[in-house]
Amino acid sequence: AVRDLALQGRQLAIARLELAGTPTIVDGSVLPPQRFTLAPLRLVAEDATWPARGPARVDVTAGLAGGAGARIRGVLNPATLATDVRAELRDVDLTLLRGYLPRDSAVTLDRGTLTGTLRLVNDRATGTRIGGDGTLADFALARGGDGEPFVSAPKLAVSVQDLVVRDGVSIGRVAAAGDTTVVDSSLSPPV
């Protein structure tokens with residue numbers, strides 16, 4: 001649905017754009033290609049212009065596999081990609097990230113879900129800054145090629161502050177709290 005669409009010369013302005021559907025996104029930039037079905041997806045953009053004269057307000061709600069969900073609200077400037085959004089995540093399967101992690105990594109993500117909130121601010125001059133709090137459930141890490149988890153936690157509270165992506169990655173602070181099990185398989189028997 002579109003409300004108050006104006007086209008003057010090469011200038012487009014839309015007061016409100018609302019899209020809904022159940023798209024499947026295939027990301028062939030990683031191996032194996034990652035496939036994500038968003039069911040349902042609802043996107044609302046307000047005060048959108050092209051060429052962009054400023055940021056548009058966005059509100060995106062998406063259902064994910066296994067009953068998980070996400071909602072992203074904030075502002076986005078499509079010309080500069082300047083962004084200030086808040087994401088609310090519910091039971092997101094972290095194994096969806098496996099395709100984006102190095103295959104030969106010493107540590108692999110075995111399992112887990114994330115529920116929490118994140119704030120993402122992107123600016124060309126300062127880079128991308130992320131912070132947030134959440135809970136990891138049924139979380140486990142394994143050593144590459146080992147298969148068996150060496151770190152696991154039924155529930156882990158996590159907080160990340162000032163994760164900055166600009167000419168590399170830096171993290172201001174990461175904190176985690178919860179009952180964690182660590183298994184050292186280099187000992188016989190493992191402890």
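A residue counts as buried under 20% relative accessible area, exposed over 50%, and partly exposed in between, using a 1.4 Å probe and protein chains only. A157 is partly exposed, because its relative accessible area is 39%.

Before going further, here is what kind of model this is. It is a predicted model, in which local features need pLDDT of at least 70, side-chain atom pairs count only at pLDDT 80 or more, and totals for chains, interfaces and linings use all residues. Residues are numbered from 1 along each chain as its sequence is written, and side-chain values use heavy atoms, with hydrogens and water left out.

**How confident is the prediction?**

The score pLDDT is the predictor's confidence in each residue, from 0 to 100. For the protein chain the mean pLDDT is 92, and 97% of its residues reach 70 or more. Confidence is lowest in strand β1 (residues 2-8), with a mean of 87, and highest in strand β7 (residues 69-76), with 98. As a rule of reading, where pLDDT is low, the predicted coordinates should not be read in detail.

**Strands side by side**

Strands here are DSSP runs of E with at least two residues, numbered from the N terminus. Two strands pair if DSSP finds at least two bridges between them. Start with strand β5 (residues 41-50), which is joined to strand β2 (residues 11-21) by nine bridges, the two running antiparallel. Strand β5 is also joined to strand β6 (residues 56-63), again antiparallel, by six bridges. A hairpin of five residues leads from β5 to β6.

Which residue in β5 does R16 stand opposite? That residue is E46, and E46 in turn stands opposite R57 in β6.

Strand β9 (residues 107-123) and strand β10 (residues 127-143) are antiparallel and share 15 bridges, with three residues between them in a hairpin. Strands β10 and β11 are antiparallel too, with 13 bridges. On one side, T128 in β10 has N122 standing opposite; in β11, T128 has V165 as its bridge partner.

**Back to A157**

A157 sits in strand β11 (residues 149-165). Contact means heavy atoms within 4.5 Å. Setting aside neighbours within four places in sequence, A157 is in contact with G134, A175, A176 and A177. A157 and G178 are 21 residues apart in sequence, yet 6.3 Å apart in space from C-alpha to C-alpha.

Two prolines follow cis peptide bonds. Another joins A39 and P40, where omega is about -5°; P40 is in the loop between β4 and β5.

Two residues other than glycine have a positive phi. For D47 the value is near 60°, and D47 is part of strand β5. D47 is partly exposed because its relative accessible area is 41%. For L81 phi is about 65°, and L81 lies in the loop between β7 and β8 (83-93).

**Open spaces**

Rolling a probe the size of a water molecule over the atoms shows where empty space is left. On a 1 Å grid over the protein atoms alone, a pocket is an open set of points where a 1.4 Å probe fits, with protein on both sides within 12 Å along at least five of seven lines, and lining residues have an atom within 4 Å of a point. A volume is the space filled by probe spheres set on the points, which are joined across faces, edges and corners.

For the linings, Ala, Val, Leu, Ile, Met, Phe, Trp, Tyr, Cys and Pro count as nonpolar, Asp, Glu, Lys and Arg as charged, and the others, Gly among them, as polar.

| Pocket | Volume | Lining by class |
|---|---|---|
| Largest pocket | about 1600 Å³ | 40 nonpolar, seven polar and three charged residues |
| Second largest pocket | about 180 Å³ | six nonpolar, three polar and two charged residues |

The largest pocket is lined by 50 residues, and L89, L94, L97, L114 and L118 lie nearest its centre. At least two lining residues of the largest pocket come from each of β6, β7, β8, β9, β10, β11 and β12 (169-177).

How values were computed
Helices (H or I, at least four residues) and strands (E, at least two) are DSSP runs, numbered from the N terminus.
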